[in-house]
Amino acid sequence: MIFKTHNKPVRPLVAVASLGGTITMTTSAAGGVRPELGAEDLLGGLAEQQDIGVRTATLATVPGASLDFATLGDCYDWAAGQVAAGAAGVVVVQGTDTLEETAYFFEAVWPHQEPVIVTGAMRHPGLPGADGPANLLAALTVAAAPASRSRGCMVVMEDEVHLARWVRKANSSRPDAFSSAPAGPVASVTEGAVHYFHPAGIRPPALERPRSGPGAARVPLLEATLDDSGELLDAVVAAGAPGVVVAATGVGHVSGGLADAIERALPQLPVVVATRTGSGTTFRHTYGFRGSESDLLGMGVTMAGWLCPRKARILLCTLLAAGAEREWIEEEFRRRGDLG
């Protein structure tokens, strides 16, 4: 993969950061696999196959479930520095358990034209058919491509390219675990090149990268359930949560008991309501019963729209870390959660 400027070949440079995850795991003496490999170990000769220059860093060696905002902030700072030093794009390697959340974090705060590509593996290196090398090679290809500019953060798995806004882990263990229902992947990697199906869209302005303490990260995500009394929400409010995301049923519905708890909570903190279904949007004005979307909006909740509960939590954490008040929170969820 060589691009030309004024008739001179230019070898694209991609910065690769490893945070750990299944892609980095090897069998330990204690039993089971654990993250141990670094970025250099993962790359081997992959970059040379596409004639891509690389800079590498191993920023963490943890499973995806143990990632935190502090690590993501350090990764952001490193990635921004690499772009300032001339990198055409950045690849972040991590565990798949929280990959969709990490991707949306970068999507929300990344201000640069150069893309951030997040990838990982569903099968560790010791298994037959380990998918890590192919995923990493595809991610390098996407990060280096000029057509990837201005597209923000994307996830590359199984030769598919997904926008961070839509992607989710939809299966616990299969190699094709990632999907983007209902939008679908935005591109495919074929024969060493990325093929986009649509032009780059307009992205919302980047938010400030969170730099505050851990307080904003204490935002809980609660799922509405059958016969939900709302007591759990009362408990997290009493414990000092700065905000709450509720994964509601259907198009944004909760029980009467949970509706009562939300009404009690709203004077103290923002409550964001998303749908727990895995696809689709919250409504605004169709149903009118107690606990319906209309009832909740009348109380002052913020609807997440098309954002899934996990991404709604990332956005709320980021906004709270920036000191956002209710009006700003509502504006950003409308901007990023609605399609219109």
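**View 1. Ser148, a buried loop residue.** Ser148 has 0% relative accessibility, so it counts as buried (under 20% relative accessible area; exposed is over 50% and partly exposed in between, with a 1.4 Å probe and protein chains only). Ser148 sits in the loop between helix H5 (132–144) and strand E9 (153–157); helices (H or I, at least four residues) and strands (E, at least two) are DSSP runs, numbered from the N terminus. Its C-alpha atom is 8.1 Å from that of Ala200, though Ser148 and Ala200 are 52 residues apart along the chain.

A word on the model: it is predicted, with local features needing pLDDT of at least 70 and side-chain atom pairs pLDDT 80 or more, while totals for chains, interfaces and linings use all residues. Residues are numbered from 1 along each chain as its sequence is written, and side-chain values use heavy atoms, leaving out hydrogens and water.

**View 2. A parallel, open sheet.** Here four strands line up in the order E15-E16-E17-E18, with parallel pairing (two strands pair if DSSP finds at least two bridges between them). Strand E15 (221–223) and strand E18 (302–303) are the edges, each pairing on one side only. Three bridges join E15 to strand E16 (residues 244–248), and Leu222 has Val246 in E16 as its bridge partner.

View 3. Arg335 and Glu331 form a salt bridge at 2.9 Å, N to O (a side-chain nitrogen of Lys or Arg within 4 Å of a carboxyl oxygen of Asp or Glu). The two are four residues apart in helix H10, so about one helical turn separates them. Arg335 is partly exposed at 36% relative accessible area, and Glu331 is partly exposed at 42%.

Glu332 and Arg336 make another salt bridge, with the closest N and O atoms 2.7 Å apart. They too lie four residues apart in helix H10, about one turn. Here, though, Glu332 is buried at 5% relative accessible area, and Arg336 is buried at 5%.

View 4. Arg290 is partly exposed, with 36% relative accessibility.

**View 5. Phe289 in its loop.** Phe289 belongs to the loop between strand E17 (271–275) and helix H8 (293–299). Phe289 is partly exposed, at 40% relative accessible area.
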